[in-house]
Amino acid sequence: MATAVQKITLSSSRDIPFNRLVLSQSNVRRVKAGVSIEELAEDIARRGLLQGLNVRAVVDADGVETGMYEIPAGGRRFRALELLVKRKRLARTAPVPCIVREGGIAEEDSLAENVQRAPLHPLDQFRAFLALREKGQSEEEIAAAFFVSVAVVKQRLKLASVSPKLLDTYAEDGLTLDQLMAFTVSGDHERQEQVLERLAQAYDKQPHAIRRMLTEGAVRASDKRARFVGIEAYEAAGGTVLRDLFQGDDGGWLQDVVLVDRMVADKLAADADAIRGEGWKWIEMAPDFAYGHTYGLRQLRGEPTPLTMEEGAARDAVQSEYDRLSEAHADADDLPEEVDARLGELEAMLEAFETRPLTFDPTEVARAGAFVSIAQDGRLRVERGYVRPEDEVPVEEDHDRSGESYDGSAMPSTPHQEAAACDAPAEPEEEDGLAPISDRLLTELTTHRTLGLRHALGEQPDVAFLAAVHALTLKAFYTYGSDSCLELDLKSVSFNAQAPGLNDSVSAEAIRVRHESWAKALPKEPGALWDTLGGWDRDSRAALFAHVVGLSVNAVHEAWNRRPRAFAHADRLAQAVSLDMPAAGWKPNVDTFLGRVTKARILQAVTEAKGERAAERIAHLKKGDMAREAEALLADSGWLPEALRTQPCDTLGEETAEIDGATAMGDSEDLADSEEPEAISPPIAAE
């Protein structure tokens, strides 16, 4: 015979006046958490009490009900109601919905109410916010109703707007909340789902990897092209900006790359037209120019536009205030924030006075041109006043007076006359008066003088150093380097092949700034350079010498030019200057290395930096995906390919002494057999 199922009886509910309710010591909630009492009170005032209180009758010592009720579950709601009563927003006798419990244990009721209550899944909250938004509530109204910021509401709405497929995956714990946040960077559901499929095969599933995959090909808002055209102008032209509401994104990503490039070209063209109006013969414009693009061109030396009386007075006032503030806080360890800010403003104003536009000779402007490009910070970069060799005024041969000999007499000027002079006897026949010195004799005399100069200069290091600085500076800063008798050469400061963006690298920008600073300190005419350098102190000459010698470094591998000893010396030099390529801005990414080598080399790089297990996790990927995953793994690792590493001293050994069978120093027997050993210069290692 079947047993009848016992029917349950629910506790009765009734309205009890507020002034007959008291808190129970049986309430298990003792730690404050979640929404504050003030916020809960405001919510009750707005929409009423959504959940009744759990109460039990208070009895006296004899077990008789006193007419009061204690609250073992619902204490926070009671305190919120109490706050409303104190603020006279609720009557003390206002009826409060209550569930009246009998029997059982009060602490069990309090615990069960809190434990059995399942928290709302975040996705349900996202969708609820979206439903409120679709029913007409503004983001500000939703934020005010739930006591959160507008930014939080926007984030929740953004999360609710991703692809339904992603939301389902998140609901089934296939994605973490942080990963779902990363997907909100793009509003394209199809793109989101493509990345979700790629994520299943990817080694790196971190949010930053998801953001990187979603923004592939887009232009970062911090990119100099984006800063040049301006985000507002780009959006006004119909461009889309991908934004990340959950972490800093430097302004987001510009998705329409074609539009960006078109706007950059149009703006550069307009700016170039304005520069062309200054009278320059030619204008070249591009977002980027190769490093060393001005090498071989003569740069005009302009004069700063003079200050007017009003501008001069303004500059003096700024300088006076700067000096006064600096002196007043000279002994302070930390400057007050407002003083530091003001000093920064004054420094910027003084710099503006010092970097005034230059004026040039109109005749020089007519044969010179300018390069118009974009600086790394997004500002327009204009390099004015460069003269191409073909536009130069023809110069005469390297004689102080054309058609005259060293001592001022006439010299042969035609090939026939020059040939005749070479065939002439060593000494001219006796003639009345002063006859010209023959070329042969002049050569012999100046040979003696040259040896004398070599010997004297070799014994005076300070003068030799000055002469070397002078000769190399002529090569680096002036079109014609013939104002020195030293045969020192600075072959080239540019490169035949170079990586994209090299001209905007940390090292390139530092060299450019330093070069421009030296150019301002040097005289316009090469003839005045010797006296100028002679008036400098040794430290200044040494600093200029280091800059110029630095321009001569060439450690570039070229397939057609094998130079093993030069590369060995480059390692020695790198050790001497403590070269740090990661600090110089080089990082292994898809563009600079990983996307341009084989999969085996990618795996080798990851193995060296992160170990074999990390390499094994990406070994199954296609090359493009592997390169992107490797970029994330190698980020900030300091890993360098072999070509960028500095070989330790003990591995160089005798490579500089003997490479490919060629010795660095000539054999002593060869010198002994020479007929004129004193005329032989020390042998130079062949490369």
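This is a predicted model: local features need pLDDT of at least 70, side-chain atom pairs count only at pLDDT 80 or more; totals for chains, interfaces and linings use all residues.
Student: OK, what order do the strands of the open sheet have?
Tutor: The open sheet has five strands in the order β1-β5-β3-β4-β2, with mixed pairing; strands are DSSP runs of E with at least two residues, helices are runs of H or I with at least four, and both are numbered from the N terminus. Two strands pair if DSSP finds at least two bridges between them.

Student: Which strands stand at the edges?
Tutor: β1 (12-17) and β2 (21-23) stand there, each with a single partner strand, so one side of each is left without a neighbour in the sheet. Neighbouring strands are turned by 50 degrees against each other on average, direction ignored.

Student: And what packs on the sheet?
Tutor: Helix α2 (residues 75-86) does, touching β2, β3, β4 and β5, and its direction makes about 120 degrees with that of β2. Contact here means heavy atoms within 4.5 Å, and angles run from 0 to 180 degrees between N-to-C directions, with axes fitted to C-alpha atoms, for helices over the stretch in contact.

Student: Does β3 run parallel or antiparallel to β5?
Tutor: Strand β3 (residues 53-59) and strand β5 (residues 95-100) run parallel and are joined by three bridges, and Val55 stands opposite Val100 in β5. With strand β4 (residues 65-73), β3 runs antiparallel through four bridges, where Arg56 has Glu70 as its bridge partner.

Student: How many residues lie between β3 and β4 in the hairpin?
Tutor: There are five residues between them, and Gly63 in the turn has a positive phi of about 85 degrees.

Student: Switching to helices, how do α19 and α22 pack?
Tutor: Helix α19 (residues 461-477) and α22 pack at about 45 degrees, with their axes 9 Å apart. They are therefore oblique to each other, given that angles under 35 degrees count as roughly parallel, over 145 as roughly antiparallel, 65 to 115 as roughly perpendicular and the rest as oblique. The contact includes Phe465 and Leu472 of α19 and Phe545 and Val548 of α22.

Student: What about α20 and α22?
Tutor: The axes of helix α20 (residues 506-521) and helix α22 (residues 538-551) come within 11 Å and cross at roughly 130 degrees, which makes α20 oblique to α22. Among the residues making this contact are Trp518 of α20 and Leu544 of α22.

Student: Last topic: how many aromatic pairs are there?
Tutor: The count comes to eight, where rings of Phe, Tyr and Trp (its six-membered ring) pair if their centres lie within 6.5 Å, and planes under 30 degrees apart count as stacked, over 60 as edge-to-face and the rest as tilted. The rings of Trp280 and Phe360 have centres 5.4 Å apart and planes at 70 degrees, so this pair is edge-to-face.

Student: Where in the chain do Trp280 and Phe360 sit?
Tutor: Trp280 is in the loop between α13 (257-276) and β9 (282-285), and Phe360 is in the loop between β12 (358-359) and α16 (362-365), so that the pair links distant parts of the chain, 80 residues apart.

Notes: Residues are numbered from 1 along each chain as its sequence is written. Side-chain values use heavy atoms; hydrogens and water are left out.
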